[in-house]
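Welcome, and please take a moment to look over the structure below.

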Amino acid sequence: KFEQVTVENLQITYQTADIVELVGQNTFVYPDGGLQIEERVYTVQTAGGEPLVTDTELLQVLQPKE
């Protein structure tokens with residue numbers, strides 16, 4: 001199980017009045033110092049107050065954990 005994750009380089013790929021889709025690079029840091037880097041897409045609901053991530057999907061593993 002990872003102990004930290006960072007998300008970088010978010011870019012909007014689709015947007016409506018209610019939804020924004022973003023693609024970004026996730027880096028997962030594991031207790032043994034290992035890293036896994038993935039490209040993921042996020043779906044964010046923007047209607048009705050605070051933005052809420054409603055879905056995320058793996059697009060590709062850029063660097064697998066060793």
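Let us start with Val29, which touches Phe2, Glu3, Gln4, Gly34 and Leu35, leaving aside residues up to four places away in sequence; a contact here means heavy atoms within 4.5 Å. This is a predicted model, in which local features need pLDDT of at least 70, side-chain atom pairs count only at pLDDT 80 or more, and totals for chains, interfaces and linings use all residues. Residues are numbered from 1 along each chain as its sequence is written, and side-chain values use heavy atoms, with hydrogens and water left out.

Val29 belongs to strand 2, which covers residues 19–29. Strands (E, at least two residues) and helices (H or I, at least four) are DSSP runs, numbered from the N terminus. Is Val29 buried, partly exposed or exposed? Its relative accessibility is 21%, so Val29 counts as partly exposed; buried means under 20% relative accessible area, exposed over 50%, and partly exposed in between, with a 1.4 Å probe and protein chains only. Between the C-alpha atoms of Val29 and Gln45, 16 residues apart along the chain, the separation is 27 Å.

Now step back to the whole protein chain. It has zero helices and four strands, and from the N terminus its elements run β-β-β-β. The four strands form an open sheet in the order 1-2-3-4, with antiparallel pairing; two strands pair if DSSP finds at least two bridges between them. Strand 1 and strand 4 (52–63) stand at the edges with a single partner strand each, so one side of each has no neighbour in the sheet. From one strand to the next, the twist averages 25 degrees.

Within this sheet, strand 2 and strand 3 (residues 35–45) pair in the antiparallel sense over eleven bridges. Asn26 stands opposite Glu38 in strand 3.

Together with Val5, Val7 and Leu10, Phe2 forms a nonpolar patch with about 310 Å² of accessible area. Val7 lies in strand 1 (residues 4–15) and is partly exposed, with a relative accessible area of 38%.

Finally, some values for the chain as a whole. Of its 66 residues, 26% count as buried. Along its principal axes, the C-alpha trace spans about 40 × 20 × 15 Å. Among contacts with a separation of 6 or more, 30% come from residues 24 or more positions apart.

How values were computed:
Patch = residues over 30% accessible without salt bridge, like charges linked within 9 Å, V, L, I, M, F, W, Y side chains within 5 Å. Areas by Shrake-Rupley, 256 points an atom, 1.4 Å probe, with all protein chains shown as cover. Salt bridge = Lys/Arg side-chain N within 4 Å of Asp/Glu carboxyl O. Axes fitted to C-alpha atoms, helices over the stretch in contact; angles between N-to-C directions.
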